[in-house]
Amino acid sequence: MTEILDVLVVGAGISGLSLAHKLTKLSNNSPLKILVAESQNRVGGNITTVSQGEFLWEEGPNSFSPTPELLKLAVDVGLKEDLIFADRKLPRYVYWNGQLLPVPMSPKAMLQSQLLSNTGKLRALVGALGFVPPVVGMDLSQEGGEETVSQFFQRHLGKEVMERLVEPFVSGVYAGDPSQLSATAAFSKVARMADLGGGLLAGAVLSAQRNPKSKAAANSNIPKTKPGELGSFRRGLEVLPKAIATYLGQAVKLNWSLVGLRPTEKQTYIAEFSTPNGSQQIETRTIALSSPAYACAKLFRPLLPEIAGTLDEFYYPTVACVVLAYPVSSIKAKIDGFGNLIPRGQGIRTLGTIWSSALFSGRTPLGWQIFTNYIGGATDPEISHLDSEAIVAQVHQDLCQTLLNQNPEKPKVLAVHIWSRAIPQYNLGYSSRLAQINHGLKSWPGVYLCSNYIGGVALGDCVRRSIEVATDIYSGMGFGEL
């Protein structure tokens, strides 16, 4: 291309697409020259929806928390009527001591819960009220004074809450190791509340007083949701990135792999791509990298080795998504919830199971249930050494303990998707790594990072962050604050 781009976005996952969409909306009166380059032959990144006959399932993210930014994006690209929401009253379960026990979602439910002992409940209450031991001695992490997730929650709420509630949640969201994750990075809002109030309850109250909910008039075009709901689309999550790509049109290029990037004396950048039509060089004033940390590290290594080394420190464990369908006659449990998580130490290797066809109806033939299972993660790196057949056998064996009758029928194996580098881990030293990267990038003005290793891994976090970065880019181009 002979003309200079205003913005080059690398990666057409939900982050890159959301960023490009926001920039397009911001520059509606004076359109920017934007190109979105994706190395794969499809958009969406880890969002992977698959259908086969009457079965429909997800192999990456399974749902989203309906944040305002994500809902507005869906409406903007014409998907308002396609939005669906799971019943927020559906219980979540934890498998503990051979039983599926509902996660307590209210103070009354906590008092009645069999998941915690009376001693564990009392310890959690005392800690929540602010009677929390200080961070001293051996409890203090040796890396920069940070607490791990395990240290933080055990100090505030006790060992039982940590083992039976927090640990399985960490496995479900991050596929992570709570003894390695940074509490301030992985649970930033909770950590801020604790710092603010001394205890979690006082911190929550003070936080609500200091940050009251906006009283701005609600956008009547955005669906109203309630806390605890999870969202998707009638034909699965992948319709969202596809709709954004359709909105962006010819600006999206597939099978374009970025192989090199260098600055010019004109304060622009030359990006070299491998494409189906051969090598292409693009000159751009601004570049937004929504690629994973390890991909950015490879890109920066020739010219910014310090940044590359820091990016390489982000750990992405292997996680297998195993989607199995069973006839209802094989299932012993009442399938009326979101799914179940499994703390380590219960003799079960699977991290958790989403009861997919109970969460969103119309995704199976009559008489069948889909279970989406996740296995591996930071606490089980050996999963990468197993083949698909062995992984299915392990998951089926685990389901025989948790959900299935004796001698169940063999499952219909819909998918075994092994994500060799799944979810970035917000481990100890996270904040210092980001600070080092941001400092190093000062020598390359106009280069922005926008991926899920920064600011949250959930889909709502990705959309919110992309909107913020797009606004920063637009302001940095001289259009002022918006």
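Predicted model: local features only at pLDDT ≥ 70, side-chain atom pairs only at ≥ 80, totals over all residues.
1. Glu 238 is buried, with a relative accessible area of 10%; buried here means under 20% relative accessible area, exposed means over 50%, and partly exposed lies in between (1.4 Å probe, protein chains only). Glu 238 forms a salt bridge with Lys 242, and their closest N and O atoms are 3.3 Å apart. Lys 242 counts as partly exposed at 45% relative accessibility.

2. Residues are numbered from 1 along each chain as its sequence is written, and side-chain values use heavy atoms, with hydrogens and water left out.

3. Two further salt bridges sit within helices. Helices (H or I, at least four residues) and strands (E, at least two) are DSSP runs, numbered from the N terminus. Asp 76 pairs with Lys 72 in a salt bridge whose closest N and O atoms are 3.0 Å apart. The two are four residues apart in helix H2 (residues 68-76), so about one helical turn separates them. Asp 76 is partly exposed at 28% relative accessibility, and Lys 72 is partly exposed at 40%.

4. The other is in helix H6 (residues 159-174), where Glu 163 and Lys 159 are four residues apart, about one helical turn. Their closest N and O atoms are 3.9 Å apart in the salt bridge. Glu 163 counts as partly exposed, at 31% relative accessibility. An α-helix has 3.6 residues a turn, so residues three or four places apart point the same way.

5. Helix H15 (residues 430-440) has buried residues Tyr 430, Arg 433, Leu 434, Ile 437 and Gly 440. Seen down the axis of H15, the buried residues fall within an arc of 130°, so they line one face of the helix; the arc is that of the directions from the helix axis to the C-beta atoms. They pack against helix H7 (183-186), helix H12 (305-311) and strand S18 (447-449), contact meaning heavy atoms within 4.5 Å. Asn 438 and His 439, on the other side of H15, are exposed.

6. On the surface, Leu 122, Leu 125, Val 126, Leu 129, Phe 131 and Leu 201 form a nonpolar patch with about 590 Å² of accessible area together. Patches are made of residues with over 30% relative accessible area and no salt bridge, like charges being joined within 9 Å and nonpolar side chains (Val, Leu, Ile, Met, Phe, Trp, Tyr) within 5 Å. Accessible areas come from the Shrake-Rupley method with a 1.4 Å probe, and for residues only the protein chains shown count as cover. Helix H4 (residues 118-128) gives the largest share of the patch, three residues. Phe 131 lies in the loop between H4 and helix H5 (149-157) and is exposed, with a relative accessible area of 59%.

7. The structure holds zero disulfides, a disulfide being a pair of cysteine sulfur atoms within 2.5 Å. For Cys 321, the nearest cysteine sulfur is that of Cys 462, 17 Å away. Cys 321 is buried, with a relative accessible area of 0%. The sulfur of Cys 400 is 19 Å from the closest cysteine sulfur, in Cys 321, too far for a bond. Cys 400 is partly exposed, at 29% relative accessibility.

Methods:
Salt bridge = Lys/Arg side-chain N within 4 Å of Asp/Glu carboxyl O.
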